Amino acid sequence: NTFIDFNSNCSAVLWNGHMPYGWVEYRISEDAGKTYSDIYTLQYSMDEFLDGVTMISVEKAVACDDGTIVALCLRNDGTHKYRCEPWDTPTFIVSKDQGKTWSEPKVYSPYRGRTYDAFYHDGVIYVYHLCNEHFTGTLPEHVYRLYKSYDNGETFEEASVLPIDPIGRGYGSILMDDNKVLHAYAYNVKAEEQMDHAVSYDFGKTWTLLDPCYLAKGIRNPQTALIDGVYILHGRAGGLKGFVLYTSEDGSNWDEGTMLVHKEG
């Protein structure tokens with residue numbers, strides 16, 4: 001019943017706050033989210049911020065059965081105009097005491113880029129990494145890779161390269177369905193209403209590329225989940241027109257979408 005909630009403490013002046021110029025904070029709840037602790041500063045991110053070379057973002061975090069928390073981090077270029085890309089190799093940090101202290105950071109992939117999703121299932125951590133130091137792919141090597149950890153974040157190994165065309169792709173999400181089929185999704189900057197979709201029937205060793213998912217209102221940064229047998233997809237709508245929620249019965253065919261927030265202007 002312990003939760004950990006990360007947030008960025010970034011400048012609201014530079015680029016209207018849409019940049020990682022700052023550090024990461026978090027709060028801990030020990031009563032299933034009813035109350036939260038005072039703010040903790042993630043020291044790794046503060047140290048990097050003070051050095052000014054790299055800005056740290058916590059992209060995803062997973063909790064293991066033994067209580068270990070593994071946070072997957074993005075290393076942004078602190079010398080860039082927007083303190084963002086080009087991205088460096090991804091790192092991870094581990095906590096054994098429910099987030100009170102953290103290990104030294106380690107690199108889990110030799111490929112520069114951004115971690116877009118991670119989850120824990122049956123003792124294994126799955127991590128979805130886009131191997132591109134910039135937002136969207138422009139070269140064949142800018143592929144999505146799947147990494148796995150079998151020892152609660154002590155080590156990671158590459159499981160596979162996904163068959164999704166990397167050109168013009170950015171963002172992404174993964175999930176495991178009730179039949180233990182692994183689904184992977186990716187954003188297509190050239191066709192925001194067409195979300196790439198691949199599935200794996202062997203826990204990420206091999207993949208089958210399916211037809212893209214049609215999304216009537218588009219999607220910008222897809223986030224997916226399977227809740228009580230219903231597939232959920234949410235993110236910014238196509239054209240950045242607001243925030244949209246989709247549902248599906250199979251993870252492939254999605255409803256018309258509900259605009260939860262319409263962008264003003």
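Q: Which residues of β13 point one way and which the other, and are they buried or exposed?
A: Leu 182, Ala 184, Ala 186 and Asn 188 point to one side of β13, while His 183, Tyr 185 and Tyr 187 point to the other, and all are buried. In a regular strand, side chains alternate between the two faces of the sheet. Buried here means under 20% relative accessible area, with exposed over 50% and partly exposed in between (1.4 Å probe, protein chains only). Strand β13 covers residues 182–188, and seven of its seven residues are buried, so it is described as mostly covered.

Q: How do you know where a strand begins and ends, and what kind of model is this?
A: Helices (H or I, at least four residues) and strands (E, at least two) are DSSP runs, numbered from the N terminus. This is a predicted model, in which local features need pLDDT of at least 70 and side-chain atom pairs count only at pLDDT 80 or more, while totals for chains, interfaces and linings use all residues. Residues are numbered from 1 along each chain as its sequence is written, and side-chain values use heavy atoms, leaving out hydrogens and water.

Q: What makes β12 and β13 a pair?
A: Two strands pair if DSSP finds at least two bridges between them. Strand β12 (residues 169–176) and β13 have seven bridges in the antiparallel sense, so they qualify. One of the contacts to look for is Met 176, whose bridge partner in β13 is Leu 182. Five residues lie between the strands of this hairpin, where Lys 180 takes a positive phi near 60°.

Q: How many bridges join β13 to β14?
A: Five bridges join β13 to strand β14 (residues 194–200), and the two run antiparallel. With at least two bridges needed, β13 and β14 therefore count as paired. Tyr 185 has His 197 as its bridge partner in β14, and the hairpin of β13 and β14 has five residues between the strands.

Q: Why is Ile 219 called buried?
A: Ile 219 has a relative accessible area of 1%, so it falls in the buried class. Ile 219 lies in the loop between β16 (213–214) and β17 (223–227). Counting contact as heavy atoms within 4.5 Å, and not counting residues up to four places away in sequence, Ile 219 touches residues including Tyr 187, Met 195, Leu 233, Gly 238 and Tyr 246. Ile 219 and Gly 238 are 19 residues apart in sequence and 4.9 Å apart in space, C-alpha to C-alpha.

Q: Are Arg 145 and Glu 158 buried or partly exposed?
A: Arg 145 is buried, at 11% relative accessible area, whereas Glu 158 is partly exposed, at 36%. Arg 145 forms a salt bridge with Glu 158, the closest N and O atoms being 3.1 Å apart.

Notes:
Salt bridge = Lys/Arg side-chain N within 4 Å of Asp/Glu carboxyl O.
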